[in-house]
Amino acid sequence: MSIKYNIVQRGEPGVTGGGTKKFYLSAKRDRLVDLDELTDEVSALSTVNGADVSAVLYGLVEIVIKMLKKGHTVELGKLGFLRASISSKGSDTEEEATPANITARRVIYRPGRKIKEMLNNLKFTKE
């Protein structure tokens, strides 16, 4: 299997008129795989029925949210790590640095060993 890609032309960000345009490879998204399909796949690989797999996956989502809210890093085995992160505006003084300065909230994902190996061994096909 391989990841399909397109070639797209892009200008320089922030430059009026786009500046110098260059060509870049862009991974093409194939389709969305939802939690129901993941449940079916896990159930097919194991002796656990779909209802139990689904309950565990939905429970996992709730527990991950609970742990991220506490500021914990969540390790999901060979899948990788999740942690909450923020960005903020800079302040001139420590007193001015408050949660009101937060400009973005996100979850950072760091892949585990097996995911990194998969990324390093990917094959690519031009669409």
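Q: Where does threonine 39 lie?
A: Threonine 39 lies in helix H1. Keep in mind that this is a predicted model.

Q: Why does threonine 39 count as buried?
A: Its relative accessibility is 6%. Buried means under 20%. The value falls under that cut-off, so threonine 39 is buried.

Q: Which residues does threonine 39 contact, leaving aside its neighbours within four places in sequence?
A: They are Gly50, Val53, Ser54 and Leu57.

Q: How do the axes of helix H1 and helix H2 meet?
A: H1 covers residues 35-45 and H2 covers residues 50-69. Their axes come within 9 Å and cross at roughly 125°.

Q: What is the handedness of the crossing of H1 and H2?
A: The crossing is right-handed.

Q: Which residues make the contact between H1 and H2?
A: From H1 come Leu35, Asp36, Thr39, Val42 and Ser43. From H2 come Gly50, Val53, Ser54, Leu57 and Tyr58. These residues divide into 5 nonpolar, 4 polar and 1 charged.

Q: Where is aspartate 34 placed?
A: Aspartate 34 is in the loop between strand S2 (22-27) and H1.

Q: Why is aspartate 34 called partly exposed?
A: Its relative accessible area is 39%. Buried is under 20% and exposed is over 50%. The value sits in between, so aspartate 34 is partly exposed.

Q: How do you know that the side chain of aspartate 34 makes polar contacts with the backbone nitrogens of aspartate 36 and glutamate 37?
A: A polar atom of that side chain lies 3.3 Å from the backbone nitrogen of aspartate 36. For the backbone nitrogen of glutamate 37, the distance is 2.9 Å. The limit is 3.5 Å, so both pairs count.

Q: Why is lysine 70 called exposed?
A: Lysine 70 sits in the loop between H2 and strand S3 (74-75). Its relative accessible area is 53%. Exposed means over 50%, so lysine 70 is exposed.

Q: What makes alanine 84 partly exposed?
A: Alanine 84 is in strand S4 (residues 80-88). Its relative accessible area is 43%. That lies between 20% and 50%, so alanine 84 is partly exposed.

Q: How far apart are the C-alpha atoms of alanine 84 and arginine 106?
A: They are separated by 5.9 Å, with the residues 22 apart along the chain. Alanine 84 touches Leu68 and Arg106, not counting residues up to four places away in sequence.

Q: Why is isoleucine 3 called partly exposed?
A: Isoleucine 3 lies in strand S1 (residues 3-10). Its relative accessible area is 30%. That is between 20% and 50%, so isoleucine 3 is partly exposed.

Q: Which residues does isoleucine 3 contact, leaving aside its neighbours within four places in sequence?
A: They are Ala27, Leu122, Lys123, Phe124 and Thr125.

Methods
Residues numbered from 1 in each chain as written. Predicted model: local features only at pLDDT ≥ 70, side-chain atom pairs only at ≥ 80, totals over all residues. Heavy atoms only, no water. Axes fitted to C-alpha atoms, helices over the stretch in contact; angles between N-to-C directions. Helix = DSSP H or I, 4+ residues; strand = E, 2+ residues; numbered from the N terminus. Left-handed = near helix turned anticlockwise from the far one by under 90°. Contact = heavy atoms within 4.5 Å. Nonpolar A, V, L, I, M, F, W, Y, C, P; charged D, E, K, R; others polar. Buried < 20%, exposed > 50% of the residue type's maximum accessible area, 1.4 Å probe, protein only. Polar contact = N/O pair within 3.5 Å; in protein donor to acceptor, adjacent residues only side chain to side chain.
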